[in-house]
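I opened this notebook to keep a record of what I looked up in one structure.

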Amino acid sequence: MTTIDIIPDEILSTIFSYIPLRDVLLVLVRVNRRWCRVLREIHSVELDVSWCKMALSDSNLKNIAHRFHSVRTLSMQGCIRVSTKGYLSISSKCTPLRRLDLRNCINITDETVAAITKTCRMLKEVNLSYCDEITGDAIKTVALRCSKLHTMSIAGCTRVNDLSIRILLKRCRTLMSLNISGCSRLTTGVLDDICQYGNRIRRLSVSDCNRLIDDILHLRHEDSLLSPLDGAFATTSSASSDESDDDAFALYVRPQRWTETLRTPPWQLTTCEQTVCASLRRALATD
């Protein structure tokens, strides 16, 4: 028995807590089983490997998931070398996950999200911002499998559509924070859905939602010159050919509703409408 072997776990834990995570993952976990166990207890709650970025590979992630399988919070922001194969190790090992940050992980796809949420169904916070490859299907999958979700960020996900957000709001009734900034395909119909299904949302970001903001700006400046029929006609050309006249009229009515709501005194609005209006004002101020 060496001298270090007689040091109690509590003291080892204190010493290890001052060691950079890089050295923990690359060196210390390989020393012996006891050290690995102590280190796993230290990092059982939160693990941030964002510093790896270009260095983290599928095999590295597999080893991390094996040794820290009880982690509750995992941040992998900008780890662009990891593929779906690497993310599968998360789904197979890290089932207790509650918070997952995959911002700027460019290899994330709908299939990756499906694989992770197949077993990690207790997720409460998910960040998929700037994962360019995901579509509305990924959002639907999260909604159907992670009903306890209270924070969702999909900023910059330009392939996400209104329907996927509606499903998210209807399924995840505990959702309190939603970041859809930069989701350029979304329309003002999302705002209606938030007020109808997302009554617990208190933090909302819609900045750079170009289509949504443009609709409202257009009516704020020109609604006095447009009749409802003119508005319906103007939006029909940008709508798909299979949309009905009712759908075209709705495309006009929705932004019109929010131009009126923005002028309504706060005390006449619901809490959710106040949240939406505050977010719209911030977005309009920066436009």
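**The sheet**

I looked up the strands and found that 7 of them form an open sheet, in the order β1-β2-β3-β4-β5-β6-β7, with parallel pairing. I noted that β1 (46-48) and β7 (203-205) stand at the edges with a single partner strand each, so one side of each has no neighbour in the sheet. Neighbouring strands here are turned by 5 degrees against each other on average, with direction ignored. Helices (H or I, at least four residues) and strands (E, at least two) are DSSP runs numbered from the N terminus, and two strands pair if DSSP finds at least two bridges between them. I then checked β1 and β2, which run parallel and are joined by 3 bridges; aspartate 48 has serine 75 in β2 as its bridge partner.

I also wrote down that this is a predicted model, in which local features need pLDDT of at least 70 and side-chain atom pairs count only at pLDDT 80 or more, while totals for chains, interfaces and linings use all residues. Residues are numbered from 1 along each chain as its sequence is written, and side-chain values use heavy atoms, with hydrogens and water left out.

**Helices α5 and α6**

I found that α5 (residues 84-93) and α6 (residues 110-119) pack at an angle of about 15 degrees, with axes 8 Å apart. Axes are lines fitted to C-alpha atoms, for helices over the stretch in contact, and angles run from 0 to 180 degrees between N-to-C directions. The two helices are therefore roughly parallel to each other (angles under 35 degrees). On the α5 side I listed Thr84, Tyr87, Leu88, Ser91 and Ser92, which meet Thr112, Ala115, Ile116 and Thr119 of α6.

**Leucine 74**

I located leucine 74 in strand β2 (residues 73-75) and noted that leucine 74 is buried, with a relative accessible area of 3%. Buried means under 20% relative accessible area, exposed over 50%, and partly exposed in between (1.4 Å probe, protein chains only). Leaving aside neighbours within four places in sequence, leucine 74 is in contact (heavy atoms within 4.5 Å) with residues including Leu47, Val49 and Ile90.

**Arginine 185**

I found arginine 185 in the loop between β6 (177-179) and α9 (189-197), where arginine 185 is partly exposed, with a relative accessible area of 45%. Arginine 211 lies 26 residues apart from arginine 185 along the chain, yet their C-alpha atoms are separated by 6.3 Å.

Definitions and conventions. Angles under 35 degrees count as roughly parallel, over 145 as roughly antiparallel, 65 to 115 as roughly perpendicular and the rest as oblique.
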